[in-house]
Amino acid sequence: MWNEKRYQWFYDHLHSHYYDLLMRWCFLPFGGEEKFRKGLIAHINFSPGDKILDMCCGTGSVTFIAAQMAGVKSEVIGMDLSSGQLGIARKRNHLSNVRFLEGNVTATGFESGYFNKVFITHALHEMRREIRLKVLAEARRVLREGGEVIILELDNPENLLVRLLIGFWFFYWLPFNFETPTRKDMFKQGLTKEVEEVGFKHIIRLPKYRGVFQVIHGIN
């Protein structure tokens with residue numbers, strides 16, 4: 001079982017060095033990483049002055065896209081546990097309304113109700129159920145009333161052939177893939193149910209790319 005220290009060491013010292021290259025590989029069948037990420041959030045309504053938190057932001061790909069879509073009057077914060085990932089994000093950052101913070105997203109330290117949008121981007125499938133629930137509960141705590149959580153995640157395609165192809169392309173077959181147990185548990189528990197469990201309302205789930213991905217919206 002991967003604990004927080006092992007996970008952080010892996011991302012700081014190993015994964016951060018090839019993460020962006022791996023993402024480019026993974027999203028090639030979907031038109032490339034930038035097109036893919038923009039496509040997942042193209043339907044979201046942003047407003048001038050939005051306060052946005054991108055939980056588990058990694059190297060900042062979604063953080064930057066959200067900031068560009070929200071405009072220069074927005075405040076956008078990316079938070080991640082990995083200093084290695086954040087180092088890359090900060091080097092890439094040329095936007096005055098974006099900053100990156102190192103921290104555990106189960107306890108961000110922000111005041112309650114500070115944000116009106118929280119993104120959780122392709123990270124929950126790496127977490128044990130109890131951690132997923134803590135992250136979702138923290139997202140709800142820092143959202144103002146009527147604020148929105150937007151979760152971008154893997155899904156489990158119903159079509160067997162698609163499932164096999166994605167399993168091959170995303171390296172699910174590797175025996176040392178630490179995401180496998182938590183990803184399977186997320187599918188078993190149902191991410192929509194977990195979003196509802198922590199208190200979000202008006203939850204909408206949007207399957208994307210033949211069920212390979214899902215976007216889940218919840219209102220605080």
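Predicted model: local features only at pLDDT ≥ 70, side-chain atom pairs only at ≥ 80, totals over all residues.
Student: At what angle do helix 2 and helix 3 cross?
Tutor: The axes of helix 2 (residues 33-41) and helix 3 (residues 61-70) cross at roughly 55 degrees and come within 10 Å. Helix 2 is therefore oblique to helix 3; angles under 35 degrees count as roughly parallel, over 145 as roughly antiparallel, 65 to 115 as roughly perpendicular and the rest as oblique. Helices here are DSSP runs of H or I with at least four residues, and strands are runs of E with at least two.

Student: Which residues of helix 2 and helix 3 meet?
Tutor: E33, E34, R37, K38 and I41 in helix 2 meet S61, V62, I65, A66 and M69 in helix 3, where contact means heavy atoms within 4.5 Å. By class, five of these residues are nonpolar, one is polar and four are charged.

Student: Turning to the largest nonpolar core, which residues touch the most other members?
Tutor: In that core of 32 residues, they are F30, F119, F170 and F213. A nonpolar core is a set of buried Ala, Val, Leu, Ile, Met, Phe, Trp, Tyr and Cys residues joined through side-chain atoms within 4.5 Å. Helix 3 supplies the largest share of this core, six residues.

Student: And what does F30 touch?
Tutor: Not counting residues up to four places away in sequence, F30 touches F36, I166, F170, Y209, V212 and F213. There is also a second, separate core of 27 residues, which includes M79, V149, L191 and V195.

Student: Is L191 buried or exposed?
Tutor: L191 is buried, because its relative accessible area is 4%; buried means under 20%, exposed over 50%, and partly exposed in between, with a 1.4 Å probe and protein chains only. L191 lies in helix 8. Beyond four places in sequence, L191 contacts L124, I151, E153, M186, Q214 and I216.

Student: How far apart are the C-alpha atoms of L191 and L124?
Tutor: They are separated by 8.9 Å, although the two residues are 67 residues apart along the chain.

Student: Which residues of helix 7 are buried?
Tutor: In helix 7 (residues 180-189), the buried residues are T180, T182, R183 and M186. Their cover includes helix 5, strand 5, helix 8 and strand 7. Just after helix 7, G190 has a positive phi of about 90 degrees.

Methods:
Residues numbered from 1 in each chain as written. Heavy atoms only, no water. Axes fitted to C-alpha atoms, helices over the stretch in contact; angles between N-to-C directions. Nonpolar A, V, L, I, M, F, W, Y, C, P; charged D, E, K, R; others polar.
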